[in-house]
Amino acid sequence: MKKNKRKKNPVLSFLFSSFCCILLAILACFLAFRVSLSAPDSEAQAKSVRVEIPSGASISRIAGILAENGLVRSDRAFYLAARFPCLSFRKTVPLLKSGYYTLSSAMDVSQIMDILEFGIQDVAKVSIPEGFTIRKIASLLEKNKICPADDFVAAAYNEVLLEKYGIPSHSFEGFLFPDTYYFAPEMRAEDVLLLMVEAFFTRISEIPYFAGKSPSQFYETLVLASIVEREYRLAEEAPLIASVFRNRIDAGVGLYSCATIEYIITEIQGRPHPDVITYDDLKIDSPYNTYKWAALPPTPISNPGLVALDAAANSPETDYFYFTLTDSAAGRHTFSKSFNAHVKAGTQFRTKQSGTN
């Protein structure tokens with residue numbers, strides 16, 4: 001007997017063929033998608049590109065920025081990988097942070113997402129010392145390639161910005177808080193300045209003694225703090241130095257601060273920092289000359305830190321009218337109530353230095 005041959009079901013055959021075609025198409029699309037997530041260039045051909053991811057930028061906008069700079073093969077692929085993490089074998093949707101980044105065209109999409117998600121930004125750490133002036137800060141910023149010095153100085157004298165913050169002066173001298181900052185290279189000078197101004201007002205709010213002061217009292221305290229900053233070397237002596245200056249102001253006596261003379265020479269006259277202050281320097285006709293005028297200078301002479309600000313805002317009541325350096329190694333001063341005691345302290349210090357009795 002002849003065996004009956006089983007006839008193929010044409011419908012099943014069609015469905016199977018269609019399934020295979022669809023499967024192959026899906027596989028091809030997935031492979032193409034995976035290729036689109038790979039690095040645009042090899043290590044040998046790679047280029048480094050610095051990009052800015054704006055605050056509040058959408059995933060679509062970020063994808064466009066990366067594509068425009070040749071850092072991804074496809075902005076659409078990056079978008080899909082970010083929106084649907086399973087497509088790139090990630091567990092969660094990445095939270096991409098704004099900022100400045102230096103990326104390589106040899107990075108794949110996953111590597112770029114890691115950098116943007118963890119916020120590994122292209123930043124420069126810059127420490128602004130206490131007591132620096134606007135021009136010294138500007139020079140330091142330019143040295144660290146943050147912004148041109150001239151641009152920063154111009155921003156610090158910008159009348160529109162001064163009015164915005166209610167600064168009763170021709171510059172932001174005194175209102176730039178000395179601290180360690182993380183700046184992006186080649187920032188706008190105005191943005192750098194405003195970061196420091198905002199830091200000042202934030203930190204000044206931590207000093208309770210500034211609360212309740214009138215605008216004029218606030219500014220006078222800031223001017224005093226800027227002088228104390230340039231005079232003290234030991235933190236515990238800053239309040240005593242502030243008390244000396246307050247006593248002299250109340251008595252209508254000149255502050256006799258060499259720091260104000262240095263400010264005139266370096267910041268106003270533009271001369272190099274002097275090794276010594278001469279008698280001719282003490283005769284300079286300037287409202288900042290506290291040897292000539294019995295009052296605070298018209299504006300701050302430096303940008304003070306918290307120690308000086310706190311000392312000026314909460315100086316103790318003392319009978320001291322003088323202080324002189326009597327331990328140069330430790331930076332310690334002797335405080336005196338009378339001129340004779342002040343002269344004696346200075347004489348003893350000089351005698352000690354010379355090694356005579």
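## Meet the helices of this predicted model

Among the elements of the chain, helix α6 (residues 149-156) has the highest mean pLDDT, 98, while helix α1 (residues 10-36) has the lowest, 63. Here pLDDT is the predictor's confidence in each residue, from 0 to 100. This is a predicted model, in which local features need pLDDT of at least 70, side-chain atom pairs count only at pLDDT 80 or more, and totals for chains, interfaces and linings use all residues. Residues are numbered from 1 along each chain as its sequence is written, and side-chain values use heavy atoms, leaving out hydrogens and water.

**Confidence**
- The chain has a mean pLDDT of 87, with 86% of its residues at 70 or more.
- Where pLDDT is low, the predicted coordinates should not be read in detail.

**The whole chain**
- You can find 13 helices and six strands in the chain; these are DSSP runs (helices: H or I, at least four residues; strands: E, at least two), numbered from the N terminus.
- Of the 357 residues of the chain, 43% count as buried, meaning under 20% relative accessible area (1.4 Å probe, protein chains only).

**Where α6 meets α8**
- The axes of α6 and helix α8 (residues 189-204) come within 8 Å and cross at roughly 55°; axes are lines fitted to C-alpha atoms, for helices over the stretch in contact, and angles run from 0 to 180 degrees between N-to-C directions.
- From α6, D151, F152, A155 and A156 meet A189, E190, V192, L193 and M196 of α8, where contact means heavy atoms within 4.5 Å.

Key:
Buried means under 20% relative accessible area, exposed over 50%, partly exposed in between (1.4 Å probe, protein chains only).
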